[in-house]
Amino acid sequence: MKVSYSWIKDYVNCDLTAEEAANKLTFAGLEVEEVEKAEAVKGGLKGVVVGEVIFCEKHPDSDHLSITKVNVGTDEPLNIVCGAPNVAKGQKVPVATIGTTLYFCDPPLTIKKGKLRGQVSEGMICAEDELGIGSSHAGIMVLDANAVPGTPMKDYLHLKDEYILEIGLTANRSDAMGHIGVARDLCALLSVDNYNRGNREFVPLNIPDVSAFRVDNHNLPISVTIDGTKACYRYAGVSISGVTIAESPEWMKEKLMSIGLKPINNIVDISNFVLFETGHPLHTFDADKIKGSNIIVKKLPQGSKLTTLDGIERTLSGEDLVICNSEDGMALAGVFGGIESGISENTKNIFIESAVFDPPTIRKTAKRQGLSTDASFRYERGVSPEVTVFALKRAALLIRELAGGTVSSDIVDIYPSPISRKRVDMKFSRINSLIGKKIDHDEIVFILKAMGMDILSVDDENLSVAVPSDKYDVTREADVIEEVLRIYGYNNVETDDYQHFTINHSHIVNKGKLMNLASGFLCANGYREIMNNSLCSQSLTSLVPEFNEENDIKLLNPLSKELNILRRDLVFGGLQTIAYNINRKAKDLKLFEFGNIYKFLPDVDPSLDVKKRYIEHFHLSILTTGDEILESWYLKKRKASFFDLKAIVMRMLNSVGIDTDNHKEEVTEDIFGETLIIKVNKKEIAKITVIPDNVLKYFDIQQPVYYADILWENIMLLNTSKQTIFAPVPKYPEVRRDLALLVDSEVKFADIVNIAKTRGSNLIREISLFDVFDGEKLGINKKSYAVSFIIRDNDKTLTDTQIEKIMGQLIKVFAENLNAIIR
């Protein structure tokens, strides 16, 4: 939100620079993201000075040029050739000196020394439009005779530097949606500064006086009805007749333009001015177009039509709140006006609306209609009903001053259920406890009063306040304490010299630590972490037949069709990332992502808590595609494979403390077809698969992608927090023996490892598979495993007899359990 610092200073007297004020506001919870210097005239008239024409004669070689000498306060006058018909000796004029840039044309003109028809010219005598301060180009601008040569035109015209504060307004600061709200915070901060200097006086907030409001006649009565809806908390309005539509005065146009608004006419500009002054939206109707002289606030039937000010015919939902006359809808309440009832150059009579609408209703309407306006921005956050009539009177007085007319009705104020200020009871001890510092009771009360809160009661221990209705989110003791702290100053709470903590002997697995271990391992092996949106398109569900649409968690008001459900699997975001990178010639990718996946269970007992029907699980996805080994002078490149990914998964599991020595592997049909399931202690911890072609085609990926899905919640359950144990280098040598085993085709290498570890000798240190062979020569349903065994005794050197005994035992158990034959 943009606010003008000079505009803020209309309501608070202070000598702070814009940067100092921005710093104070930022530390008080209104983060000023940028302080921008805005010049009233582009370029700030830098280099333009007052000059006096001391010599003027016609150019001998031109009918329209004049040769002049101009005193600009320097030792020597400037020779300037001027083409204006009204230039004359004795005039005081604006002069753009050499090096000055003027922005009246595109590209901008930079003044240089040159010759015109053989005569030297050392500057330019300017017209209003050339300076950017008017539209006249009838001749040069002639200044007051008392102007002093050499005076900068910026000073002569009393142009002041304007500073615009860009505030990152959070949703909980509805009290600061206008210049008065920001000024109120600044007054409170300056008042606390006074308090710290021993001055107990508040810095006053100079709110405009509306006591001059009066009703001139009752010639234009318009009734108001709130028809059966609770979405309108308060609706006030007043009629003004005999207005004249014209340009706004310069001071108002300058204020609006400084914050990025385009002036339109005096009536519309006044509505916008009051909105940005008070933070309370207004809307002005052409009263002659209010059929039946009756305004009805209601919801029209679904499918009703309304053409808004942008010329678009909009189809209404049955939940959209509409401002209607006796026959038609006239405006989307709190969002956008209608074209039929808007202000035009022929408008003579007007009706001003000042209302308070239900924030969720306005937010949903704006979202449905794809609109975001200054009014909806404020109504969505909540506006104060206390300001409703004040804003109306303020606008009426400005209209009577700037557009003429007479107030032609009493103020209509429909307020079915008045909203009282929220009462909050507190204890001083609780305030000091939450803030972390003991603050004097009187100072706490002073701060609360400075923020406009009413002190209902106070004693040595307790304090009760009434919170202004514009502080929409301040409802609890903690909220009020936060208000005290932000004005007192976060930086004024000193850090304690002692660290207070409790030693925790809990054995709960640290999720963050495990994630860091896994991330560190994967990054060290060339993988890159990605983060994708948890929202995705429901069209992705159709890629996986096992994903029923009824299990999707749909958004009620999605930003787009591409982001309309919560993701069912991390793989889709990963594939989008792969496609994005491949399109940019990065085809060799190793990626991983941590994140939640979501599912709705429609078949669960409806009587159960609805929260139990929404399932959320935390997963780790790992994807690899392209080359596993890149081409180099000493290595041949090699494509990534399923087994490369499996090896990474197994090593990663070991890195986070999962004992995979006795893991089980199963091949089954999963959502992407044939999938390897890895289990530890009967718990499924990982799934590894190849992404099928139809899914790759959807993402326009034309190379294989291998995907591992890690069930992180089961990883946490199985984590043994095993310690790394360091051991000395063995003193005695190890021995390698190889076996070529002919086994049935369904026998897995894992079966061989398991039998060797459980039935073989404990001197077997390592078991490796270095070759697999199958073919007709071996027989039907047969294959051969070439397996190596590393054998070592840490206490002595093994003899041949001992080694042969160990290998004989292995051959025996393999034959008994696997029907293995030694080749």
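Me: Why are helix 14 and helix 16 called oblique to each other?

Reply: This is a predicted model, where local features need pLDDT of at least 70, side-chain atom pairs count only at pLDDT 80 or more, and totals for chains, interfaces and linings use all residues. Residues are numbered from 1 along each chain as its sequence is written, and side-chain values use heavy atoms, with hydrogens and water left out. Helix 14 (residues 511–524) and helix 16 (residues 642–655) pack at about 140 degrees. Angles under 35 degrees count as roughly parallel, over 145 as roughly antiparallel, 65 to 115 as roughly perpendicular, and the rest as oblique. Helix 14 and helix 16 are therefore oblique.

Me: How far apart are the axes of helix 14 and helix 16?

Reply: The axes are 9 Å apart. Each axis is a line fitted to C-alpha atoms over the stretch in contact, and angles run from 0 to 180 degrees between N-to-C directions.

Me: Which residues of helix 14 and helix 16 meet?

Reply: Leu517, Ala518, Phe521 and Leu522 in helix 14 meet Ile648, Arg651, Met652 and Ser655 in helix 16. Contact means heavy atoms within 4.5 Å. By class, the contact has six nonpolar, one polar and one charged residues. Arg counts as charged.

Me: What makes strand 14 mostly covered?

Reply: Nine of the 10 residues in strand 14 (residues 232–241) are buried. Buried means under 20% relative accessible area, exposed over 50%, partly exposed in between (1.4 Å probe, protein chains only).

Me: How many bridges join strand 14 to strand 22?

Reply: Eight bridges join strand 14 to strand 22 (residues 350–357), and the two run antiparallel. Two strands pair if DSSP finds at least two bridges between them. Arginine 234 has valine 356 in strand 22 as its bridge partner.

Me: Which residues stand opposite alanine 236 and serine 241?

Reply: Alanine 236 stands opposite aspartate 413 in strand 24. Strand 24 (residues 412–414) is joined to strand 14 by three bridges, antiparallel. Serine 241 stands opposite threonine 406 in strand 23. Strand 23 (residues 406–407) pairs with strand 14 over two bridges, in the antiparallel sense.

Me: Why is one side of strand 1 and of strand 2 left without a neighbour in the sheet?

Reply: The open sheet of three strands has the order 1-12-2, with antiparallel pairing. Strand 1 (2–4) and strand 2 (32–38) stand at the edges, each with a single partner strand, so one side of each has no neighbour in the sheet. The twist averages 25 degrees from one strand to the next. Three bridges join strand 1 to strand 12 (residues 162–167). Valine 3 stands opposite leucine 165 in strand 12.

Notes:
Helix = DSSP H or I, 4+ residues; strand = E, 2+ residues; numbered from the N terminus.
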